[in-house]
Amino acid sequence: MIKTIIFDLGAVLIDWNPHYLYRKLFEKEEEMLYFLENICTPAWNEEQDAGRPLQEATDLLLAQFPEHRENIEAFYGRWEEMLGGAIEGTVQILRELKEGGQYNLYALTNWSGETFPVAQERFEFLGWFDGIVVSGTEKDRKPSSSFYHTLLNRYEILPSDALFIDDNLNNINAAQQLGITSIHFTSPEALRRALEDRKVL
């Protein structure tokens with residue numbers, strides 16, 4: 001019996017992509033891709049999701065790649081420009097679940113604790129959750145089992161009562177290993193079908 005639904009945020013409810021910013025800064029796509037794959041890399045960004053301060057992260061890259069100063073500093077200096085907007089189909093699903101009043105709603109997100117307040121100001125629907133656990137604040141992140149346990153313990157959620165939605169298969173697998181029923185998010189339409197199949201919607 002599902003009593004609690006846990007949402008990931010990035011790429012599920014919020015469209016975030018560094019390309020939105022760096023297409024403005026690079027004339028050539030291949031140069032942008034090289035920069036994001038070799039300098040401001042996903043692995044580097046994940047350390048901020050795990051709690052590393054933004055200034056420390058920026059200084060680390062400036063010491064390694066001083067010739068890329070302007071573009072490195074833009075990553076957090078112009079971070080808001082990476083936010084593409086809400087993923088409206090999923091927001092509508094969240095709205096229906098909230099208005100239905102049948103489920104407790106939580107978010108479990110890999111997100112820098114320093115940039116998350118920007119998202120909270122921009123996206124009203126983040127206020128619909130009964131609680132949000134942010135990796136950068138907790139200094140722990142998915143797919144670490146301890147991060148899931150932070151949410152479960154804080155809000156007294158039984159894994160067997162929960163349904164977890166995430167676009168990252170590693171995160172889905174980690175949740176399932178804890179006994180949490182999970183849906184791999186690919187689109188709002190597919191999510192709606194999956195929730196209808198489970199009689200959640």
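1. Salt bridges first: the structure holds 12 of them, a salt bridge being a side-chain nitrogen of Lys or Arg within 4 Å of a carboxyl oxygen of Asp or Glu. Please keep in mind that this is a predicted model, where local features need pLDDT of at least 70, side-chain atom pairs count only at pLDDT 80 or more, and totals for chains, interfaces and linings use all residues. Residues are numbered from 1 along each chain as its sequence is written, and side-chain values use heavy atoms, with hydrogens and water left out.

2. One of the pairs joins arginine 23 to glutamate 29, with 3.0 Å from N to O. Arginine 23 has a relative accessible area of 44% and is partly exposed (buried means under 20%, exposed over 50%, partly exposed in between, with a 1.4 Å probe and protein chains only). Glutamate 29, at 36%, is partly exposed.

3. Arginine 141 pairs with glutamate 46, their closest N and O atoms lying 3.6 Å apart. Helices here are DSSP runs (H or I, at least four residues), numbered from the N terminus. Arginine 141 is partly exposed at 22%, and glutamate 46 is partly exposed at 34%.

4. Within helix H5 (residues 69-77), glutamate 73 and arginine 69 are four residues apart, about one helical turn. Their side chains form a salt bridge at 2.8 Å, N to O. Glutamate 73 is partly exposed at 38%; arginine 69 is partly exposed at 43%.

5. Finally, a network: Asp8, Lys142 and Asp166 are joined by salt bridges that share partners.

Conventions. Helix = DSSP H or I, 4+ residues; strand = E, 2+ residues; numbered from the N terminus.
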